[in-house]
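Hi everyone, thanks for coming. Let me put the structure up on the screen, and then we'll walk through a few spots together.

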Amino acid sequence: MEDPAAAGLAAVLTPAGRALLDGLPPYDEAGAMALGERLRAQGHDPALVAAALTQSRLRARAVAKLGGRARTMLLTATGLEQATRREVAERHADRFVATGAGRVADLGCGVGGDAVVVADRGPGVLAVDRDPATAAVAAANLAPYPAAEVRCEDVAATDLAGVDAVWLDPARRDAAGRRVLDPRRASPPLSFAEALAAERPVGVKTAPGIDHDVVPAGWECQWTSVGGDVVEAALWSGALARPGVRRSAVVLPATGGAGVVVDDADDPFADGGPPVGPVGTHLYEPDGAVVRAGLVGAVVAATGGRLVDPTIAYVTADAALDLPTAAGYVVDEVMPFSLKGLRQRLRERGVGRLVVKKRGTAVEPEELRRRLRLEGPHEAVVVLTRVAGRQSALVCRALRSP
Ligand SMILES: C[S@@+](CC[C@H](N)C(=O)[O-])C[C@H]1O[C@@H](n2cnc3c(N)ncnc32)[C@H](O)[C@@H]1O
């Protein structure tokens with residue numbers, strides 16, 4: 001399906017079109033039709049009015065992801081969907097700035113979600129995209145930065161003379177629109193980034209599910225979560241990688257703020273694996289980025305606890321801790337899992353609302369909730385998992401900050 005924002009781009013790229021767009025009031029879905037009628041009645045070209053209102057709607061939608069600067073950007077629907085969210089782009093840009101790079105190439109720049117943040121920090125930017133509409137949007141978004149240049153070409157043809165470091169956020173959809181999870185099959189593929197890394201430091205965004213074995217030797221792979229959702233894994237080579245760090249996780253709060261970084265140096269059990277032992281008074285569910293990075297041992301170390309099972313990423317301990325890297329629960333009861341037994345205990349506790357968490361079990365939470373038919377004033381969290389190899393149910397309460 002054609003991207004309507006891309007189709008109307010030519011109209012909003014003219015000075016008159018841009019002036020109309022930038023002069024629109026904040027987008028209001030309910031008033032959009034009347035506004036369109038008014039603008040057409042004033043003599044504005046209907047195609048331009050449609051394109052400007054599409055941009056205005058996209059800008060409003062983009063603010064949550066790209067921050068306040070989205071109010072002055074041009075966008076396409078696809079470009080917005082693919083763009084790196086602001087707080088994550090800022091962390092990427094921090095790495096480039098820390099290397100002292102004077103000119104950074106963004107190869108496959110999209111609408112410029114990463115490129116504008118780098119340009120904003122000072123380095124010159126060479127932004128490249130082979131899609132003409134996308135490159136035109138990137139050029140508009142980078143126009144305020146005199147040291148930024150945009151080229152519409154295939155990155156395989158890009159002359160990188162004068163470029164100190166490279167960022168790649170490869171397209172992760174195949175020709176049929178299906179998701180491509182393996183960075184070796186993205187566009188451009190990981191092999192392209194590895195070849196560039198022989199000359200200059202390179203950063204590459206990948207899907208969070210990247211196989212650890214695919215990470216090139218000597219590179220750092222950093223998984224990032226925002227508000228508990230794992231949004232990416234990024235691979236960093238050379239001076240863009242932190243010395244001695246191979247795996248790391250950044251946990252960013254949904255509400256903004258610096259977040260916290262955990263890396264393999266924080267995992268004292270890297271060699272033998274963390275200890276395993278009986279369920280204690282508290283259970284900790286490590287953040288998804290920490291789990292993907294294989295750094296659950298860091299949560300075990302932070303709690304002074306142990307795993308409930310050697311193959312499962314639940315940590316148990318005997319202390320109430322407020323951790324940025326894990327959600328905490330008070331464990332009220334541990335029982336072997338059975339529908340009948342669980343129903344009886346939850347009814348005795350007057351539990352009507354149930355949050356189901358699970359790891360290492362095939363039970364479907366929705367199906368379980370339906371079959372439990374609970375009624376009652378209280379809420380509980382049930383964690384279904386293996387404890388020492390046995391399917392178990394842990395009846396818990398979310399732990400508030402001490
Ligand atoms: C995931 S998007 C980049 C998003 C960008 N980081 C942002 O935050 O807005 C990937 C982009 O790479 C471009 N692309 C993919 N393969 C390319 C190639 N071989 N040469 C040039 N551009 C390419 C696509 O057109 C797409 O716009």
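Let's start at R373: is this residue buried or exposed? R373 has a relative accessible area of 52%, and the cut-off for exposed is over 50%, so R373 counts as exposed. Keep in mind that this is a predicted model. You'll find R373 in the loop between α14 and β15. Its phi is near 45°, a positive value in a residue other than glycine. Most residues other than glycine have a negative phi.

A388 also has a positive phi, near 50°. A388 sits in the loop between β15 and β16, and it is exposed, at 67% relative accessibility.

While we're on backbones, look at S187 and P188. The peptide bond joining them is cis, with omega about -5°. P188 belongs to the loop between β4 and α10.

Now for a contrast: R95, in helix α7. R95 is buried, because its relative accessible area is 11% and buried means under 20%. Beyond its neighbours within four places in sequence, R95 touches E220, Q222, W236, L240, A241 and R242.

Last stop, the largest pocket. How much space lies in it? About 1,400 Å³. It is lined by 50 residues, and T78, Q82, A171, R172 and R173 are the closest to its centre. Helix α6 gives the most to the lining, with 5 residues. Domain 1 and domain 2 each supply at least three lining residues. By class, the lining has 19 nonpolar, 12 polar and 19 charged residues.

Key
Residues numbered from 1 in each chain as written. Predicted model: local features only at pLDDT ≥ 70, side-chain atom pairs only at ≥ 80, totals over all residues. Heavy atoms only, no water. 1 Å grid on protein atoms, 1.4 Å probe; cavity = no way out; pocket = protein on both sides within 12 Å on 5 of 7 lines; lining within 4 Å. Points joined across faces, edges and corners; volume = space filled by probe spheres on them. Helix = DSSP H or I, 4+ residues; strand = E, 2+ residues; numbered from the N terminus. Nonpolar A, V, L, I, M, F, W, Y, C, P; charged D, E, K, R; others polar. Domains from an automatic or database assignment. Buried < 20%, exposed > 50% of the residue type's maximum accessible area, 1.4 Å probe, protein only. Contact = heavy atoms within 4.5 Å.
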